[in-house]
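Hi everyone, thanks for coming. Please have a look at the picture on the screen, and then I'll walk you through a few contacts.

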Amino acid sequence: MTAPLVACERVGFAYAAGAAAFAIRDLSFEVRPGETFGVIGPNASGKTTLVRLLSKVVEASSGRVCLDGADVAGLSGAQVARHVAVVPQDVPRGFPHTVEELVLMGRYPRAPRRFFESPEDRAAARRAMEATGVLALRETLLDRLSGGERQRVMLARALAQEPRLLVLDEPTAHLDLRYQAECAGLLRRLGREAGLTIVLVSHDLGFAAELCDRLLLMAGGAAIRVGPPESVIDEAVLESAYGCRVLVDKHPISRRPTVHLVYPTS
Amino acid sequence: MTRPPSASGARLAVLLVGLALAVALIAIGALFLGSARVPPGDVLAVLAGRVRGVDQVVVLSLRLPRILAALLAGGALAVAGAGFQALTRNPLAEPSVLGVSSGAAFGVIVAQVFGLSGGLVDAVGIAACAFAGALVAGAAVYVIASRGGGLPVHTLLLAGVIVGIFFSAAITVLISVLDFDRLGGVVHWLLGNLGPIAPASLAVFAALTAVGLWLIVGQARPLNLLALGEEGAQQLGVDAERLKRRVFAGAALLTSAVVAFVGPIGFVGLIVPQVIRMLLGPDNRVVIPAAVLGGGAFLLLADTLARNVVAPAELSVGVITAFCGAPFFIYLLRSRAPQAGL
């Protein structure tokens with residue numbers, strides 16, 4: 001078996017030093033090269049904190065996070081950003097730059113001391129914009145784009161980093177059905193054709209089950225279960241994690257598990 | 001709206017050469033203008049070293065140092081403004097709006113209470129006191145305004161105003177309690193006054209400005225990334241804490257150098273970076289270097305106006321910048337702020 005690209009070993013994290021409430025408790029899992037790995041769980045289960053740990057925005061209070069065998073504690077921010085690209089949910093409102101300027105920002109970790117981007121940086125940004133279909137929008141301001149377009153632009157910025165690992169934080173949170181389908185197709189293509197390793201953090205259980213090779217279900221900052229979608233998307237497991245009744249079904253076309261919420265009758 | 005093509009080294013070089021030529025032309029023009037009537041031929045003769053006496057004193061000892069001080073102060077204030085704006089992600093942030101100028105002014109008055117005045121060592125001491133005042137005021141504004149890791153725009157501006165009022169009051173107390181025999185000078189200086197500046201002071205001023213510019217100008221690229229928010233910048237490998245400390249220290253140093261040697265001139269840091277952004281786009285790698293020269297040109301024009309418009313008396317240059325800046329601030333608050341999600 002190949003060495004893992006990401007290895008979390010008994011990771012613990014608390015936002016305030018000495019706080020009783022740990023955002024992450026004793027979390028261990030591995031992500032293998034080339035797989036699409038989903039992270040699911042209820043609100044406040046630690047998913048966003050996990051994204052921050054993987055991108056070294058915060059550092060583990062205990063345990064280790066390893067990228068390609070190296071403990072992130074010993075890597076600079078730019079070194080981590082050459083391995084891991086995070087696709088955020090959105091950019092701040094009023095962001096003053098154009099699509100191309102934003103995508104070029106993804107080149108910063110490649111050469112942080114460079115003042116202006118090199119021709120190679122521009123070529124990489126162009127390839128990234130082509131891959132997500134936003135090249136025609138390159139002169140447009142971010143504020144003028146639809147939600148789906150913004151999503152693809154942020155994906156292009158992440159690809160411009162030329163990372164080995166792509167971390168997506170709730171990619172479908174602001175998208176309607178058409179853009180969700182578009183996003184799913186794009187992620188499949190990147191995973192299969194470009195051989196990228198993807199960590200997909202999502203509220204949308206069906207979306208995660210459809211796209212991911214394996215899932216990690218988190219609750220209260222700890223891992224409840226890790227495994228293929230069929231083993232994690234399980235009625236009893238989900239009901240204990242989310243505290244509500246669900247029905248698990250199979251998608252009529254893909255045969256992947258889907259989840260129906262059992263709405264309480266009055 | 002069409003936007004200028006994206007930044008590159010060659011385009012920036014062309015722009016800076018053009019701006020430098022414009023600054024040189026304005027500076028030469030300012031040498032020929034003033035309340036003392038020196039005929040243009042005599043100015044040229046002084047510059048060629050062929051005339052001594054009153055004309056030489058007026059041109060070389062009064063006008064030339066004043067022109068240099070205006071260029072330094074304008075560039076320093078404009079870069080400090082651009083730095084504070086990038087740090088706070090707020091187009092209205094600026095040394096005087098944030099109260100940092102008032103803090104530095106308080107430091108200067110305290111230094112004068114302790115008897116520091118004109119010489120080289122004293123100039124360094126005054127600048128150090130101004131820097132301490134600027135840091136205290138900036139830190140106070142940050143602590144008052146921050147909410148859950150962010151700096152909401154309205155609380156930031158209000159905190160800046162409050163801290164500014166506090167330090168102005170403290171300055172008034174010091175001036176009232178201690179009998180300054182040069183009280184008239186203090187009042188003039190508090191409005192921002194590019195009066196006669198001693199060569200030693202000018203040298204210290206230039207050195208401090210150079211350090212401040214060095215701290216900020218090279219950080220223009222990561223400052224662009226800060227527009228993604230702090231976490232967004234960190235995800236791209238920016239050491240956000242270190243960047244913020246460095247740029248804050250640089251902007252405070254530039255502000256305090258200006259306050260120590262020419263007084264708390266307002267609004268230059270607001271007007272100049274904003275006009276440059278309107279003309280050249282938001283890229284800090286263009287805005288900040290252009291602000292060095294653009295700020296100098298603006299303040300030199302304002303000062304030349306200030307010393308000629310009511311000649312033989314003269315206005316404080318701060319009056320001119322405030323008359324330009326206040327309407328501009330209102331315009332920005334009403335038109336630009338809503339787009340920036342303020």
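So, how many residues of chain A are in contact with chain B, and how many of chain B with chain A? It is 25 residues of chain A and 24 of chain B, where contact means C-beta atoms, placed from the backbone, within 7 Å. On the chain A side, helix 2 (77-83) and helix 3 (99-105) each supply at least two residues; helices here are DSSP runs of H or I, at least four residues, numbered from the N terminus. Helix 2 of chain A gives the largest share, four residues. That side of chain A has 16 nonpolar, six polar and three charged residues, with Ala, Val, Leu, Ile, Met, Phe, Trp, Tyr, Cys and Pro as nonpolar, Asp, Glu, Lys and Arg as charged, and the others, Gly among them, as polar.

A word on the source: this is a predicted model, where local features need pLDDT of at least 70 and side-chain atom pairs 80 or more, while totals for chains, interfaces and linings use all residues. Residues are numbered from 1 along each chain as its sequence is written, and chains are lettered from A and ligands numbered from 1 in the order written.

Now to chain B. The axes (lines fitted to C-alpha atoms over the stretch in contact, with angles from 0 to 180 degrees between N-to-C directions) of helix 1 (residues 9-32) and helix 13 (residues 284-308) of chain B come within 10 Å and cross at roughly 10°. These two helices of chain B are therefore roughly parallel, the word for angles under 35 degrees. Their contact has 17 nonpolar, three polar and one charged residues.

Methods. Parallel < 35°, antiparallel > 145°, perpendicular 65-115°, else oblique. Contact = placed C-beta atoms within 7 Å.
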